[in-house]
Amino acid sequence: MTTPGSASRYEQKGKAAAYEARNPARTRAERALLSALLARGGQPSSVRVPSILDAPCGTGRLYPWLAQDLKGAHYLGLDGSLAMLEQAQAKDIPAAFIQGDLQHLPLAERSFDLVVSFRFLHHLAKPEAATALRQLARVTRRDLVLSAFHPWSAHHLSRKIQNWLQRRPLPRHAHSPRWIREQLAHQGLREIERARMGHFRDLWVGLYRKSPPGLLD
Ligand SMILES: C[S@@+](CC[C@H](N)C(=O)[O-])C[C@H]1O[C@@H](n2cnc3c(N)ncnc32)[C@H](O)[C@@H]1O
């Protein structure tokens, strides 16, 4: 498979190896946000050993967090970048990793109890983001957790102004909770919980749940 365009920047020399060491304070805040959201939203308790898809998984950064919060879960990480997957595989953790494109997930419908997509959607403009959301919604059996950038955050607004002044295209895309809720509602998912890092930072995280089969079919 060729690397999807949106993943190709992670193939640049040294980028994948340096990825996890970036911004430790932000990483701690993200970990706390994700953990609180999973605790508040309730874990996939109807199954003894839940299955998790982490897409895109990057270097497998989220694996230890998810393994701690959802003990014993089966974890599959999917990413478009081979350099990022190499970092993940080098960790020697009890997890499986595959290369794949989030615009066409090579996975069956309703095949995971929980699908997590973290720090990804802001790389995509609306049409590609809508396709990725449809794909993520298709493969979850129950829950979907995703992060996005908020359009009304000081961080995103300052980024917008700087890029406008320098006549550059926006390098990151913000997607509002409302827009994501609407996209996912078409796929039979409803919002359960939402958490935000604060009004300065742009990252927010949502937990969405799929209706049982039959209800919307
Ligand atoms: C900022 S990293 C986030 C990785 C991980 N979720 C985390 O939070 O550490 C974004 C990842 O998206 C992957 N990616 C970008 N476009 C993709 C696509 N179309 N299909 C699969 N992976 C993609 C990149 O290779 C990169 O690893």
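Biologist: In what order do the strands of the open sheet lie?

Modeller: Strands are DSSP runs of E of at least two residues, helices are runs of H or I of at least four, and both are numbered from the N terminus. Two strands pair if DSSP finds at least two bridges between them. Here seven strands form an open sheet in the order β3-β2-β1-β4-β5-β7-β6, with mixed pairing. From one strand to the next, the twist averages 20 degrees; axes are lines fitted to C-alpha atoms, for helices over the stretch in contact, and angles between N-to-C directions run from 0 to 180 degrees.

As for conventions, residues are numbered from 1 along each chain as its sequence is written. The model is predicted: local features need pLDDT of at least 70 and side-chain atom pairs count only at pLDDT 80 or more, while totals for chains, interfaces and linings use all residues.

Biologist: How many bridges join β2 to β3?

Modeller: Four, between parallel strands, with β2 covering residues 74-79. In one of the pairs, L76 has A96 of β3 as its bridge partner.

Biologist: Which strands does helix α2 touch?

Modeller: Contact means that C-beta atoms, placed from the backbone, lie within 7 Å. Helix α2 (residues 24-41) packs on the sheet at β5 (140-149), β6 and β7 (203-210), and its direction makes about 140 degrees with that of β6. Helix α5 (residues 126-139) lies across β1 (51-54), β4 (112-117), β5 and β6, at about 150 degrees to β5.

Biologist: Which residues have the most contacts inside the largest nonpolar core?

Modeller: In soluble globular proteins, nonpolar side chains tend to be buried together. A nonpolar core is a set of buried Ala, Val, Leu, Ile, Met, Phe, Trp, Tyr and Cys residues joined through C-beta atoms within 7 Å. The largest has 49 residues, and V115, V116, L136 and L144 have the most contacts inside it. Beyond four places in sequence, V116 touches I52, D54, L62, L66 and V145.

Terms used:
Two residues are in contact if their C-beta atoms, placed from the backbone, lie within 7 Å. A residue is buried if 20 or more other C-beta atoms lie within 10 Å of its own, exposed if 12 or fewer, and partly exposed in between; C-beta atoms are placed from the backbone.
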